[in-house]
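Keep the model open beside you as you read.

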Amino acid sequence: MSTKKDGIMVILSSPSGAGKTTLVKLLSKNKDFHISVSHTTRKPRPNEIPNQDYYFVDHQKFEVLIKNEEFLEYAKVFKHLYGTSRSPVIEKLEKGDNVIFDIDWQGADQIKNKKLNYKLITFFILPPSKEVLFERLSNRDMKDKLIVEERMKEFTRDVLHWINYDYVIINDNLDECYSKINNLIEAEKNNGSKDYDKEYIRNHINLLTS
Ligand code: 5GP
């Protein structure tokens with residue numbers, strides 16, 4: 001049984017370009033969440049710090065970690081493997097520390113299905129429109145048109161997984177989006193009333209997928 005002193009788990013997932021990484025960092029800083037550092041077989045980007053942004057490992061090492069059942073969840077995302085080690089997460093939760101995960105829908109599903117004895121709140125972050133997403137992706141380091149097109153296609157597939165999340169949040173404005181997530185976490189922790197309109201979200205998804 002989870003007890004009041006155990007930490008809670010918050011998962012933030014989103015299609016590429018919805019602004020999730022910034023939100024994870026804000027939540028970690030302002031709300032005292034430890035960011036779960038994943039393992040990945042992808043190569044580091046120039047601005048990334050090994051063992052802080054990711055544990056960068058080769059395919060062979062990743063396979064060993066799978067075999068030794070070290071992962072709480074793992075998945076292939078785009079062309080690479082990503083996984084969350086179990087023990088650092090459980091140690092933190094047992095100490096009463098909160099943990100935030102920046103993982104995709106496959107990882108979120110796996111953690112949800114594990115039914116661990118810790119409170120879990122899942123958020124799916126979406127862009128306000130396809131046009132805004134296209135603009136965000138084009139302005140990123142991805143100057144390559146083909147990559148942007150590929151990400152847009154992935155978006156159409158990924159967005160369908162919204163239904164498995166506790167909350168879907170539209171990232172129109174970063175401060176507002178942060179504040180919505182913050183209020184929902186507090187409401188979940190204290191069994192308070194939740195300001196969340198599922199019908200509005202359903203309509204928004206219809207617009208994004210039409
Ligand atoms: P990136 O390579 O851009 O950092 O991440 C690509 C995608 O992989 C993002 O959607 C991110 O949330 C997801 N991801 C990062 N770490 C993990 C992980 O440990 N497990 C899973 N399932 N997805 C992850």
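A residue counts as buried when its relative accessible area is under 20%, as exposed when over 50%, and as partly exposed in between, using a 1.4 Å probe and protein chains only. By that rule, Ser85 is buried, with a relative accessible area of 12%.

A word on the source: this is a predicted model, in which local features need pLDDT of at least 70 and side-chain atom pairs count only at pLDDT 80 or more, while totals for chains, interfaces and linings use all residues. Residues are numbered from 1 along each chain as its sequence is written, and side-chain values use heavy atoms, with hydrogens and water left out.

Ser85 belongs to strand β6, residues 80–85; strands (E, at least two residues) and helices (H or I, at least four) are DSSP runs numbered from the N terminus. Thr41 sits in the loop between β3 (38–40) and β4 (54–56), and Thr41 is buried too, at a relative accessible area of 13%.

Each has a polar partner. A polar contact is a pair of N or O atoms within 3.5 Å; within protein, one must be able to donate a hydrogen and the other to accept it, and residues adjacent in sequence count only if both atoms are side-chain atoms.

| Residue | Partner | Distance |
|---|---|---|
| Ser85, side chain | His39, side chain | 3.4 Å |

Setting aside neighbours within four places in sequence, Ser85 touches His39, Glu70, Phe71 and Leu72. With residues up to four places away likewise not counted, Thr41 meets Val57, Asp58, His59, Phe62, His80 and Leu81.

**Helices and cores**

Which residues of α5 meet α6? They are Lys130, Leu133, Phe134, Leu137 and Ser138, and they face Val148, Arg151, Met152 and Phe155 in α6.

In soluble globular proteins, nonpolar side chains tend to be buried together. A nonpolar core here is a set of buried Ala, Val, Leu, Ile, Met, Phe, Trp, Tyr and Cys residues joined through side-chain atoms within 4.5 Å. The largest has 26 residues, and Phe101, Ile111, Leu126 and Val168 have the most contacts inside it. A second, separate core of 19 residues includes Val10, Ile100, Ile125 and Ile169.

Beyond four places in sequence, Ile111 is in contact with Met9, Ile11, Leu72, Glu73, Phe101, Ile103 and Leu120.

Terms used
Contact means heavy atoms within 4.5 Å.
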